Amino acid sequence: MKAIQVAQYGQVQGLELKDVPDLVPNDDQVLINVAGSGVNPIDWKILSGAMKQFIPLSLPYTPGVEVAGTVAAVGKNVHGFVVGDEVFGFIGIVGGYATQAVVAADRLAHKPAGLPLLHASGIPAAALTAWQALHEHANLQSGQTVLIHGAAGGVGSFAVQLARLAGAYVLTTASAGNRDYLFSLGAQQVIDYTAQRFEDVAEEIDVVLDLVGGETQDRSWTIVKRGGVLVSTVSPPDPQKALEHDAVGKHFATRSDGRQLAQIAQLIAEEKLRVEVEVMPLSKVTDAITLSSGGHTRGKRVLDVNR
């Protein structure tokens, strides 16, 4: 098999595509011939070395947290998947930028009907993050208002759609260039953060989903209603500020969950959810990582591991 190898932290230009030994699944795993792997911010954050105290890895390692592909073999304890099935999943913290991956069966779901494998490879991490943020941590209810910061990215794109499906009124912050895109996903208000402060537009918000952090998160406390929730995937909200505003702050790490992913797959098959995908060849992995680290991504960027 072939895999991208990281030999040293902080060396984006040092990523190499190498021949490595084929993988063999254990009794509880599925072996996948990978078609594509999504590019996510966690990939370059780990590569930078900034997270090595929290996520220790043995070098070299292969980046990539999500894949889609075809089942090549299953362990004897695996049920629900057979050789030839097209699947996708949030596989863990590493291993996706390769032509093979071994994955615990409970992290996988069958690919949405009618969706190309390459497109499917950009869904699991972002969609599960949005799902868990809104439904598990914010407990979003029909009729509530939600403001999504960084709404045009991978997580934000799914969050806009999931919030609308839940019956919420959806406000977003994004650049002017993403205005039409977000309206097409179901956003009801798009606030151009380069032209106006969201505090001048939004107030008494039930749920703020912070995908940006920093000053944006700090300023968001002023618009959260009493009893409201500020959920961040970026950094823990300040508990003192939560107390001052009689609100709740939450921070979480996304959990791989095959059952939730199957529900998401059904929504995609029913054309209730969609994703905008840019496909790049695995040979351009350095460019893909550099673009991701620069931010301002619309939808998802995925790697075609066979190119």
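## Threonine 254

Threonine 254 counts as partly exposed because its relative accessibility is 25%; with a 1.4 Å probe and protein chains only, buried means under 20% relative accessible area, exposed over 50%, and partly exposed in between. The model is predicted, with local features needing pLDDT of at least 70 and side-chain atom pairs counting only at pLDDT 80 or more, while totals for chains, interfaces and linings use all residues. Residues are numbered from 1 along each chain as its sequence is written, and side-chain values use heavy atoms, leaving out hydrogens and water.

Threonine 254 lies in the loop between β13 (248-251) and α8; helices (H or I, at least four residues) and strands (E, at least two) are DSSP runs numbered from the N terminus. Beyond its neighbours within four places in sequence, this threonine is in contact (heavy atoms within 4.5 Å) with Phe90, Ala125, Leu128, Thr129 and Gln132. The side chains of threonine 254 and threonine 129 make a polar contact at 2.6 Å, meaning a pair of N or O atoms within 3.5 Å, where within protein one must be able to donate a hydrogen and the other to accept it, and residues adjacent in sequence count only if both atoms are side-chain atoms.

## Helix α8

At the start of α8, a side-chain oxygen of aspartate 257 comes to within 3.0 Å of the backbone nitrogen of arginine 259. After the helix comes glutamate 271, with a positive phi near 60 degrees.

The buried residues of α8 are Gly258, Gln260, Leu261, Ile264, Ala265, Leu267 and Ile268. Viewed down the helix axis, they fall within an arc of 165 degrees, so they line one face of α8; the arc is that of the directions from the axis to the C-beta atoms. They pack against β5 (86-90), β7 (108-110), α3 (124-137) and α4 (154-165).
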